[in-house]
Every structure is written in structure tokens, then in C-alpha cells.
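Let's take a walk through a two-chain model together, with the structure open beside the text. The tour starts from the overall fold and then stops at a few local sites.

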Amino acid sequence: MRGEPAAAEASVTLQQPEVRKLRLKATEHLGVPKGEKFIHPTKLDLLRLVVAIYLLSAEKREAELLEENWRYSRQTARKGPGPTHLGRQARASSPRPGQLAAQAQWAGLAMPTVSLKRDLLFRALGRTYTDEEFDELCFEFGLELDEITSEKEIISKEQGNEKAQGASDVVLYKIDVPANRYDLLCLEGLVRGLQVFKERIKAPMYKRVMPNGEIQKLIITEETAKIRPYAVAAVLRNIKFTKDRYDSFIELQEKLHQNICRKRALVAIGTHDLDALSGPFTYTAKKPSDIKFKPLNKTKEYTACELMNIYKTDNHLKHYLHIIENKPLYPVIYDSNGVVLSMPPVINGNHSKITVNTRNIFIECTGTDFTKAKIVLDIIVTTFSEYCENQFTVEAAEVVFPNGKLHTFPELAYRKEMVRADLINKKVGIRETPENLAKLLTRMCLKSEVIGDGNQIEIEIPPTRADIIHACDIIEDAAIAYGYNNIQMTLPKTYTIANQFPLNKLTELLRHDMAAAGFTEALTFALCSQEDIADKLGLHISATKAVLISNPKTAEFQVARTTLLPGLLKTIAANRKMPLPLKLFEISDIVIQDSSRDVGARNYRHLCAVYYNKNPGFEIIHGLLDRIMQLLDVPPGEKKGGYVIRASEGPAFFPGRCAEIFARGQSIGKLGVLHPDVITKFELTMPCSCVEINIEPFL
Amino acid sequence: MADGPVAEVLLQRLEAADGGLDSAELAAELGVEHQTVVGAVKSLQALGEIIEAELRSTKRWELTAEGEEIAREGSHEARVFRSVPPEGLPQSELMRLPSGKVGFSKAMSNKWIRVDKSAADGPRVFRVVDSVEDEVQRRLQLVQGGRAEKLGEKERSELRKRKLLTEVTLKTYWVSKGSAFSTSISKQETELSPEMISSGSWRDRPFKPYNFSAHGVLPDSGHLHPLLKVRTQFRQIFLEMGFTEMPTDNYIESSFWNFDALFQPQQHPARDQHDTFFLRDPAQAQQLPMDYVHRVKRTHSQGGYGSQGYKYNWKLDEARKNLLRTHTTSASARALYRLAQKKPFTAAKYFSIDRVFRNETLDATHLAEFHQIEGVVADHGLTLGHLMGVLREFFTKLGITQLRFKPTYNPYTEPSMEVFSYHQGLKKWVEVGNSGIFRPEMLLPMGLPENVSVIAWGLSLERPTMIKYGINNIRELVGHKVNLQMVYDSPLCRLDAEQGPPSTQEAA
């Protein structure tokens, strides 16, 4: 659902073979040499032209897709995912990806994708799989093998074949990981999870150990309180990296930054070569002009102010600047010699930069969310302590808080939970023995055993599983290990009588009779521009009582509509080539501010119909109103319960051609011939009459 | 049609003719307009295989009106020559003659006549030769006689320049006997009339056969929108399964009901400005059920009800922020809260289908608003097996029978499962919905009894509709850019009797 769904899904259409073909055609038209990046900024206008030409041609639909893609690429070019973030790719060979990618998964989050070298993965798993077998394994475990690709294929798809020359063609598996399983975000964690699941290894016990010498200390000063108050730290001692391990270590930090760290807003990670530093360390906050250091991969020193300017154009770092940009003080960490470790959440110092050869790593996580900082630290150290001389041990570090309190990290807390076996069986709908259930849970890295009366299961929650916060999380893991598809499907015996929501029931009935009256149903957006509901109808926005949206990306989403009319007029404008007359209707909700409601606004169910032809056809719209009243069993006439129309006026209507509709003793709407100014503003050319009423009084 | 006699004559001639006859020649022979013969040919053709007619086009030279006159009376110059007596004629008198002006200059250049400007009563015209050959008249008479081919190309074009000749294209029919040729045909009636019924004359009359391969005339009618036709079917399915419709007529929702009530933490990415439309006015919800709000706050920040909680500083201001609801689950939360207030607890099955809003980047498959379908069952002791059973029944009604369930993570359900169905066209499993059991941290603060479980699932309305109606660009379906022709042409929505294009028939 969330995260980066739009980007992910858009890339699906980007990869369509037909669009690629068209894209090729368009680049040919532009004389762009093959291999040059498709969207070259100076060629955007030309591209638009080509798209326009295609729009006129038989390839209209493809052209529209092309245009969408173009727009998408432009947006990503503007926003630019970080350099290491390759985004989610489409599956190959989907004939109708457009439809399959169609919007809106219910409830689910966009899953983070980890990109792993297949052969490295298989070596770590101790066996090979066919693609199908591995896909199956992922499915069972709740992962998704999203794409099989290679560095070369990715570059070739994004930048053309020529750029891909010489790129690696090592097979990559792109795997979607559930958004709460931070422990699976890199090769080491994923392999450990799968190996335990397949009972090939036992889940390791992670241990915090005290150093032989003096413990590393990080002192937090009170200046950080207003900007980024929390910090945690730990040491990975005698670690042995290889190129692949090092890459994975960097990549895991990036994944954590993008997900649980909320793009470094909540937590930022800094990892340092401890041998280049000397503790104790100080985490403080200073005026930007007073911070000066040599940042990562730069050769000279800059002040924080200068850095903020330099990084404005950095595709990766520019996304994190806003977190501290307007603060009077910037957070910064020094060692005892005044060497800057990092200026979180933006950049580390170059002095303590880690490399493949680094043996001792000092890890600090700073942030605004203490719980998440502790989780992030636990994930990093548990995952990579595998490569330490004493496997799965982590050296403790002390953090002194401004109030003088001393905390030792990483917490690496193991928690015990008790769940009754029959509860698990009852919630899942299975009948397993407590022993079997304990075994299932152990396969999910939740070491479990049956205790007490033989029905009680004691479960140990390791520090890697911060996602387990309730018994229901444990029950889910039991169900996953049991295999969702092995669960017997049954129907609940819940006996209920169905009822329709009366307003929707009335709407359904009216819709059918509106169509029977010769009007065609439109389905227009509930969001629109201020102009649509106000200026174009001759109103001031304040007169509409519309709710206003604070963060629209474009003018199309400034307000919720207060009338259905603009949507119908825009529908006609988009369908001017259709034979006349055009007779359209819509029955849907509009939104008006209403201080008596809890949220200060409410919907009204409106019915709107328009008649568009060479003549205004007021009598037709009037006749439709009479028919609607007949359907609603409202007789004409002044007497109680009847309806009448009375001459009225409104800025949207032609003078003398507007009437207000009164039914059941209240005004329910208006009908009339639209003002020529309104017609023109909606880019129409013919006379048009319309009726719009609130149908809620007829419930 | 007045072509009865002509048609009869045509048939008689055709019987006698060797091979066939030309419509134009027949018209000339009968002394009728060519169009009359063409009419007869067409009406005979309509009767079936009586005759065969092949359209031919021939080019022909014809005289113009002036050309006809010259062929009859002689060229202007010849007429001028003839009107000059041996003793001559005053030029002014000659010029008054009908052919005077044109004929005079031509006759002069032919050196047939001369002008004596020294005559006493003004210029006088005399013959130069005794007799003349009127070549123009002779040539035009040749054309008139149908022998235009005797003239050279140069001569013809000269006459055409003088607007005496014109080339016409004549469309004629070469008519021959058809497989059902007969000379005796009686005129067939086209339609049954009230008179025929009352007089009974229909008994003796032959009727013209209908052309059943022609298209009918579509009725003038209104049409329902395809997406809403699919909505109607989904409503129907839920109603058949005994689900009650929840009120969803509140697009504006507070963050509290949209997120906090669902145990979605306040730093959750969904609550980001990039994903959700927040309101500037009214910016905040003024009324919240404060008792319940406190329970929610405690659960988020400290845990409770068996939960560790998220352990963060929960802020009321954040919960008050108004937004356009991002899912209809906010309406489900309200419905479940109302259910929880009813004592004793009674089981419930709810559904809703309505609009939701996301501040997303738009593309061919994503709009800022779309429809969500949601089903909810609340009862004592519901299991994951029950959820799967209900899903199986629900999807069977959509015509989807092969289902598979994948573990997944949703913020407010645990366990959670994605629903996959096997797509015949793609030869692979595709996701058709998402589901789960609502977390106790969501249900217990509402006041629902501890042993009550709530299972729920959801999907979008647009996706099955796009597949059902073969639409690739969501804008053609939803919003003002809709293709009205598509709306006019769309068939009934029968989800369980899928007849769509073969490559798409299995998916939802």
C-alpha cells in the first residue's frame, strides 16, 4: 500500500515490450543515439511533440502509455532514488502488466526489495535451486521472488544496451521482504532465516560481551535535546570482511535508512573504523558555522553550511538535508581528539571511513525515536556479528545521557512469552500437538518449548524479531511454518441478515432508472481544482464551503468537489467527438464543510444530469426532473410533500433560465440553462442545460 | 417506382439478347433517361439472382449547348460569311447579328471576308471568296454522330477549348442473365402494412427477403458506467453472502479513525505528506471519543492487551489531523467501534465499496482516487481457516476457483495473507486480494470481547473492472477523460460467467 508503491508500479509499465518499442521509435525520431539516456532534458519538448504525433496516429493508446512513462521518468529524474537504490522492477513477459499492476492493494505496505547475487545466495544456503523451486520457497516463507535479472540487464533497460557494455551479468534475485522483517533485509539475515526455517541450522544466540580493555563511551550533551536527542552505540570486534560482505554491510544500512529509519528522519546510522579514532566520543549539537570537517570521500574540509550547499545537488544526500536544515544547531559526533565521526543524519567524516580491511567497527545510531534506534542497532550487530572472530558476539558500548544516566548497548534483549497451544490451534484453525507447535515456532527463529501443564508453550523472542509485539505475531509465525495452504478451509457459522445502506440502496435504484430515461452514467473525480468548482462557475471559493487540501501535488487535487456539475462538463469536453445530444448523469457524493460533524465536513449524495446539444433542451432536463420526482413518489404542487420549481438565479446560469427546486418543504437544488461564460470556460461550444439535486431528503 | 414497364422490357430484351446488354444503349433505344434504366436494374437486382449487373464506366465526347447549335446552324464565322451579300454590308449592321462579334474576327482571320474602311457610309464588309467549307460544323457533326474517334487529338482539344466539346464519364451497367433469370416477375412487397392485414392481401403478395447480415438500429438508450456495473455485482455478492453494507459516505476522516484506531503508528510511512492528502481547512477533527482515544494512546505508546506497543510518544494533535481517507478500513473501524458499544456482543458481517484517496504519483494504472472493496466478519472464535473459507466462497462467486495464500505483512492485521489466483493467460499466480485477522491492539481498545476475532479482506474495484472490460489505461475508465463509446458499448457484468478476451479470463 504505502512506501513507494507508485514508483514501483509505474516501473511495471515502463518495462512493457510495446512501450519499449515505441520508446525506441521516439528516440529514432529524435535522432538520439542508441544508448543515450532516453529522457534527455533538452529533448523533452521534442519528445512531447513525438508523443503528440503518435497521439494523432493509430498508436494512440501506446502513445498515452509512453507519455505516462515519460512523465514518470521525469519525476524520478527529478526526485531520483539514491544511487544504490535500484527500485522495483517489473516482472518480465507480462502481456498485460497495466491491468495487473492496477492500483490498490488492501492494507499491505510496499515491500522493501533486496537484490542478491543468486550464486552467492545458493552458496550460503548450501544448495542450489531452480528458479521455480526458489520462488516456491519464498512464497511459503512470505517472501516474493520479484524479478530475476542482472546488473547488465538493469542498466540496459534503463539506459540502453551500450551503457550496459561491460556491466556484470551475474544473476541477481530481487526479493520482496515484508516491511516489518528488518532482519531479512540482506543476504546474511535472509539466509539465516531460511536455513532455520528449513531446519538446516539452529538460530544463533547473540551475546553482548564486555571488552578486555576499556569500554567505548559515547557522551550525549544536552544541546542535542531539541534536535536529535537519542544515540546508541556498539562495537563489532575483529570482523573479517570480503568485498561481498562489505557491500552487504553498506547495503543493509541503506535499506534500514529507507525503511524503519524513515529516510533517516527517525534514525541515522554511522559506522566507523574504530582503530582510526580514540574514545570517548561526544554527541553534541553546534552551530553549523562552527562545525568543520572532511566529509566522506572528500579531500578537504568544509563547514556544515558549505556542506549543506554542496549536497543540495547530490542526488542521494539532498533528501536528508531537510531534517536539520532549518535548525539553529546541527548534531555532530566527535572523538576525544576532536575528529568528527559524523554529522547525522547527513554524512560521516572521511577520517573514520570503513573499508574492506577494517577490523573493528564502531557503530552509532542517532535519532528522534529511541525504540527504533535500539532496534536498528540490534539488527546491524546481530546480522554482521557472524563475521566476527567470536561469532555472534557484540562488544558493548556505554552511552551517557545528559541526565547522567548510563546505558549499555546493544540491548540484545531476549524476551520470554507464554502462549497456550490451544490458543494457537484455535486462532489458526488447526489441531497440532503442543510439541509440534513449539517445533514450528522454532523454525521461525522463535525458540520454543512446551512447559508447565503440557499445553503451555514458552517462546523466546530474539533481538532480531522486534516485529513480535503480541501473541498474534507468534500465532502468525506458527501458521506460516505450518503452511497457510495446508490449513483446512471452513466456513464460519456466523448467522447474519444482510442489509443495504439505505442511501446506497436508493442510489442503485435511481441509477438504473436514470439510464432507462436515456441518460448515460459518468464517474468523475471527487477531487478537483478550486477553479472547477468556483471560478469557472462564477463563484468565489469562500462561497462554496469546500474543504481545502493542504498538500496537493497538482492543481487537480486542491479541493473536494462541492458539486457534480464540473465533472460532467469536463466529461463532455473530453468526448466532444461523440454524436449529439450528449445526455449524462452521475449520482455520487460531494463534500461541504459542516462544523456540526466530528471532522468538520460531511458528504451529501447528489444527483446531477446534463443535456448538451445544439439547443439548450431545458424542457428535457425539466422533464427528467419530473420523471425523477415521479420515481421518488413526490407529486407536483405546493401542497405538503410535493415539489415545485421557482424562478431563481445563479452565476452559473443564463439570466432568466434558472429555477430552484423545492421538495418536501426544502430547497434541494437547481435546474436551468448554463451561462455561456460557464460553457466557454469548460471548453464547450453548445448550449447546455442541467439539474443538480441532493437526494438525501428522499431517504 | 415507375420503372415497372422498363424493367419488364429490360427482361424481355435480355432474354432475346446474346450475352447481355448495355444500360445506356437500352435507354437510347427506348428513348428514356438513362437513370430510369439504372433504377430498373437496381430494383431487379434487389430481387435476388434474376439478373447480374456489372458496373462499367466509359468516357465519351459530347457537344455542349453551343456545340449543338453550331452542328445545327453552322459555325459563327460561316454564318457571318453567309450573311454578307455580294454587294457587301455595313460593318455596324454585321456586328448586330447574333454571331457577329465572334464570327467576324474568325472569318477575318480565315480570310473569308474583308473590310473597306473608305466606304461612304462607314466601314463596309465584302466577301473575299465565293464559298467556304464549314470545317467546325463538319467536325461537330461527326462527334454528334458518335464518331468522335475520327477527329484527331489536336482537333478535339481545340474544340474543347472553344467550349463546344466536353468529355463525360458515363457509368453504365452491363446487364446479363442471373442464375434465377425469368421474364415474369411480379413486384415484391417490402413491409407488411395495416392495410394488408385488414384486407388480407398479404396472402397473395410475395415479400422482399430481408438481408439478415445487415446491422440493426441500436436503441436510443442511456448506459450505466462499467465500473459501477461491477460495483453492483460486488454488492450483490456480499448481499448474497449475508453481509451488511457499512456507511462510507464520509470522504473526510480524522487521522485517528484512519490510522490510530487501526494501531498504525504515527511515524508510519502511510501518514507521510507524500502519500496522504491532508486538509488545510478544516484542518483538525474537533470531536473524538476521548475515552477510546486514551485507550488507543496507551496501546500505541505503552502497549497493553497483551501487547508491547510501539513505545513512542503518541500525540493527540497528530490524531486530530483531518485527511481524505486512504482506505475504507476507517469506516470498518467506526463500524466495529459501534458494534463494540452494543451489549451483549452480536456477530456481524460487514462490507463496503467506496472511494479512497492517495496522494500518489499518477500513471496508467494509478489515480489519486479509486474504489476499495472490503469485507469484514466479527464473531467468537474465528480462525485463519475461516478466513480462507470465506475467501474461497467470495472468489468462487467471481469465477475464481484456484486460490493460494501467501504470508504477508499488513500493519493492522496479524496473521495476514495475500490471496493469489492462477491466471490462465499469464500461466502464473497473480495477486487478487489481501486479507488478515485484525490485531487485538485494534479491537480490544474498542471494547470488543477478548475472544471475538475479526477477519477482513480487501481488493480494489478498478483492477477486476479493467481486466473484465479489457481496459489498459485507467483514465479511459475513471474520471472525465472516460471514453464514452466504451461506456455505450460495454456488456453486462456477469462475473461468474466470464466471456472476456481469452488472455484475461481467469484473473480478478
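In chain A, 69% of the contacts with a separation of 6 or more are between residues 24 or more positions apart; contact here means heavy atoms within 4.5 Å. Please keep in mind that this is a predicted model, in which local features need pLDDT of at least 70 and side-chain atom pairs count only at pLDDT 80 or more, while totals for chains, interfaces and linings use all residues. Residues are numbered from 1 along each chain as its sequence is written, chains are lettered from A and ligands numbered from 1 in the order in which they are written, and side-chain values use heavy atoms, with hydrogens and water left out.

Chain A holds 21 helices and 30 strands, taken as DSSP runs numbered from the N terminus (helices are H or I with at least four residues, strands E with at least two). Its 699 residues include 57% that count as buried. Buried means under 20% relative accessible area, exposed over 50%, and partly exposed in between, using a 1.4 Å probe and protein chains only.

Helix 19 (residues 565-574) of chain A carries A:Leu569, which counts as buried because its relative accessibility is 1%. Beyond its neighbours within four places in sequence, A:Leu569 touches A:Val610, A:Leu674, A:Val678, A:Phe682, A:Leu684 and A:Cys688. A:Leu584 is 15 residues away from A:Leu569 along the chain, with 9.2 Å between their C-alpha atoms.

A:His606 sits in strand 26 (residues 601-612) of chain A. Its relative accessibility is 13%, so A:His606 is buried too. What does the side chain of A:His606 join in a polar contact? The partner is the side chain of A:Glu692, at 2.7 Å. A polar contact is a pair of N or O atoms within 3.5 Å; within protein, one must be able to donate a hydrogen and the other to accept it, and residues adjacent in sequence count only if both atoms are side-chain atoms. Other contacts of A:His606 include A:Thr562, A:Leu564, A:Ile587 and A:Ser588.

**A lysine that meets chain B**

A:Lys553 belongs to the loop between strand 23 (548-549) and strand 24 (559-560) of chain A. With 40% relative accessibility, A:Lys553 is partly exposed. Setting aside neighbours within four places in sequence, its contacts are B:His274, B:Asn359, B:Glu360 and B:Thr361. The A:Lys553 side chain reaches the backbone oxygen of B:His274 at 3.1 Å, and a polar atom of that side chain lies 2.6 Å from the backbone oxygen of B:Asn359.

**A cavity lined by both chains**

Rolling a probe the size of a water molecule over the atoms shows where empty space is left. Across the whole structure, the search finds six cavities of 30 Å³ or more. On a 1 Å grid over the protein atoms alone, a cavity is a set of points where a 1.4 Å probe fits but cannot get out, and lining residues have an atom within 4 Å of a point. Grid points are joined across faces, edges and corners, and a volume is the space filled by probe spheres set on the points.

The second largest cavity has about 230 Å³ of space. Its lining has 22 residues, with A:Ile587, A:Ser588, A:Arg605, B:Arg231 and B:Asp354 nearest the centre. Helix 17 (502-516) and strand 25 (582-593) of chain A, and helix 11 (226-240) and strand 11 (348-357) of chain B, each give at least two lining residues. Which classes make up this lining? There are six nonpolar, five polar and eleven charged residues, where Ala, Val, Leu, Ile, Met, Phe, Trp, Tyr, Cys and Pro count as nonpolar, Asp, Glu, Lys and Arg as charged, and the others, Gly among them, as polar.

**Backbone details in chain A**

Most residues other than glycine have a negative phi, and most peptide bonds are trans. The table lists some departures.

| Site | Backbone feature |
|---|---|
| A:Pro344 to A:Pro345 | cis, omega about 0° |
| A:Phe409 to A:Pro410 | cis, omega near -5° |
| A:Lys263 | positive phi, near 55° |
| A:Asp633 | positive phi, near 60° |

A:Lys263 lies in the loop between helix 11 (243-258) and strand 7 (267-273) of chain A, and A:Asp633 in the loop between helix 20 (618-631) and strand 27 (643-647) of chain A. A:Lys263 is partly exposed at 42% relative accessibility, whereas A:Asp633 is exposed at 64%.

Methods:
1 Å grid on protein atoms, 1.4 Å probe; cavity = no way out; pocket = protein on both sides within 12 Å on 5 of 7 lines; lining within 4 Å.
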